[in-house]
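Hello,

Here is the structure I said I would pass on. My notes follow it.

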Amino acid sequence: MAPLRVAVIGGGPGGLYAAALLKRLDPGREITVWERNAPDDTFGFGVVLSDETLGGIEHADPEVYAALQQHFTRWDDIVIGHRDTRHTSGGHGFAALGRKRLLDILHRRCRGLGVDLRFTAEAPPPDELAETHDLVIAADGVHSTTRETYAEVFRPRITSHRCRYIWLATDFAFEAFRFEIAETEHGVMQLHGYPYASDASTVIIEMREEVWRAAGFADTDTRDSIEACAKIFADVLRGRPLRSNNSAWTTFRTVVNARWSHRNVVLLGDAAHTAHFSIGSGTKLAVEDALALAACLEEQPDLPSALTAYEEERRPVVASTQRAARASLAWFENIALYLDQPPRQFAFNLLTRSRRVTHDNLRLRDARFTEAVERDFGCPPGTPPMFTPFRLRGLTLRNRVVVSPMDMYSAVDGMPGDFHLVHLGARALGGAGLVMTEMVCVSAEGRITPGCTGLWTGAQGEAWRRIADFVHTRAPGTAIGVQLGHSGRKGSTKLMWEGIDEPLPDGNWPVVAASPIPYRPDSQLPRELSRAQLTDIREQFTSAAWRAARAGFDLLELHCAHGYLLSGFLSPLTNRRTDAYGGTLEKRLRFPLEVFDAVRAVWPEERPMTVRISATDWAEGGNDAEDAVEIARAFAAHGADAIDVSTGQVVHDEQPEYGRSYQTPYADRIRNTVGVPVIAVGAISSWDDVNSLILAGRTDLCALARPHLYDPHWTLHAAAEQSYDGPAAPWPAPYRAGSRRPQTGRTDAPKPRLTLGA
């Protein structure tokens, strides 16, 4: 049965719009909205809504849409000010109006429909409302009392972030969305601004907590701090003052809930989720929640089904938005990393920070700006960023694409065979600049599974030479690299498709590690390595490196990630030693650096060496981004030519935060803090993402794994799809006839040539 008595806690845009929609759909409903503040009280000034959201409003309630249309301020440009240089990017399309105006429109609509609006009134406790109403909509904001009342059910996770910010306004309209960066004696401050009326703009001032404190704002009256900000940004503000509306400095809090409903109580808007204001999505998400909730209540046969459908519909959209918002938030938290970038690249980096706007998307919006960024980067005309060369020591890669190391578990006694020749050979023919082997084990005991390849015998070295020769002969210009590693405590397990990380039922070999800690409860207990055994393993690495050099590999990567032996020394979760190889990060680095130095000593001087690391353990008490920077700095100081930045797989109970190119921020941070080239890896799947990351200066190379399993010719196809046929992606002579995308059947119907009247 459809809910007839509805209580709405919170009179913000989301709660009001939900009330209006539900009343419009069923005028017989009794709907009451409780709002603790007066009608004219509001936090903030302007509200930005997307065309997508407006389309939903137009379809659901043309009257509200028409009222909004009368008051919107629209603009297309974003202006970025950085070190006395301003760059403009067009084609973005924004619409905004005053928050008070939006609330007034929704108040009028609710009253006209017969919704009972109760201002300056605290709502009864949610459990009481749940007893007396069919449905309780908790739209009571980021500090939701309802959410806290049922915290055991909703299981909220609230994260406070590093910046302080304040919502303000100025009494003139910016001509565009403005991002202005001020480098003060106290640190970096940024202004976010946009017009919301013909004579007014929202202004948000943001800075890291330590900058806010250094500027004295923690000990200053808010009015004085606002006046100080107006002076700092006097140029962009045209000397005008900033005005407040009960504004206060605060920190942004990201709200995530495990569940959004409990019996007949449902969360909406900021009570359920928040997204950082730098992508302008708080009100947008709340209004879209209201639209979805109303639709689900109309479509579903009962309330439980409706609330389940509402959450299933909205959760993926919100999760995607929150990922983008977190990326944007983190970019601004770490903005100091990018200040030395060329101004246009800095602007491009800012515009693509959330990964919602990409290189290809920005080209469609503003081709002139994008082409100027490409020219500054060094792209020849008609050459996408991914097809520019990159030099590592004596090796020049013809493009920025790397076939990431992928264990194939298809060897016998460590010997690479025909499968490996075809697998790696096909990807070399597919156009990537660098093709990496799987982790090649330095000893039989260092294998992950019985199907892992090795380089502990001369015969294995000759088998690898056959593969390297094929790549150099049949795919000239493609480099092939070898990744050397030792499984450590994660060894002696089944083939991946038989049970990843599960111990072998029989035929096990002993495993070793920095400390005697099993990977899983059912894993084999590793033996702690003695000093003599450390020396033996170091020599196994150097012997394997010598064989790799003789086999003709162009690059060598040392595997210090994913919980394997060397990674196990780096993490405090897996290294509990009390000798010179355990304890502080400096001591935990000692053995991996000894191995690196020993390998570098036998690896040919002109050939580059890289190191793969796990930049976070995704676990409490483990290595984090700060540790990753220091680990990368240490390897770079010892001569690493690049850091291949992965994450996790160090401990079994990790809690990774997956998403599109989710590991890239770690590579970005290392590159722009340490100054060492980096390889980004992890859920990078489109050539558009590769171009975006490289052009923004967040990485130097992009390693792709699964896309190359799906399509061995991924790089050549990326070139064809971008109409690039230059030297960075040559088609092998036997394949040139297939260098154009095949024709497909027609999907359009002939247009009518003549229409006759009746």
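**Notes on the model**

Leaving aside neighbours within four places in sequence, Ala215 is in contact (heavy atoms within 4.5 Å) with His186 and Met189. This is a predicted model, in which local features need pLDDT of at least 70 and side-chain atom pairs count only at pLDDT 80 or more, while totals for chains, interfaces and linings use all residues. Residues are numbered from 1 along each chain as its sequence is written, and side-chain values use heavy atoms, with hydrogens and water left out.

Ala215 is in the loop between α8 (209-214) and α9 (222-232); helices (H or I, at least four residues) and strands (E, at least two) are DSSP runs, numbered from the N terminus. Between the C-alpha atoms of Ala215 and Thr457 there are 63 Å, and along the chain 242 residues.

**Rings**

The structure holds 26 aromatic pairs. Rings of Phe, Tyr and Trp (its six-membered ring) pair if their centres lie within 6.5 Å; planes under 30 degrees apart count as stacked, over 60 as edge-to-face and the rest as tilted. Trp75 and Tyr194 are stacked, at 6.2 Å centre to centre with 10° between the planes. That pair links distant parts of the chain, with Trp75 in strand β4 (residues 73-75) and Tyr194 in strand β12 (residues 187-197), 119 residues apart. Both Trp75 and Tyr194 are buried (under 20% relative accessible area, with exposed over 50% and partly exposed in between; 1.4 Å probe, protein chains only).

The Phe596 and Phe635 pair is edge-to-face, because the ring centres are 5.9 Å apart and the planes are at 65°. Here helix α21 (residues 590-602) supplies Phe596 and helix α22 (residues 625-637) supplies Phe635, 39 residues apart. Phe596 and Phe635 are buried too.

Ring pairs also join Trp75 and Tyr194 into a cluster with Phe94, Phe177, Phe179, Trp331, Phe332, Tyr338 and Phe346.

Two charged ends sit over rings (NZ of Lys or CZ of Arg within 6 Å of the ring centre and within 35 degrees of the ring normal): Lys490 over Tyr564, 4.8 Å from the ring centre, and Arg607 over Trp603, 5.4 Å from the ring centre.

**A helix contact**

Leu54, Ile57, Glu58 and Ala60 in α2 meet Pro62, Val64, Tyr65 and Leu68 in α3. The residues of this contact divide into seven nonpolar, no polar and one charged (Ala, Val, Leu, Ile, Met, Phe, Trp, Tyr, Cys and Pro count as nonpolar, Asp, Glu, Lys and Arg as charged, and the others, Gly among them, as polar).

Regards
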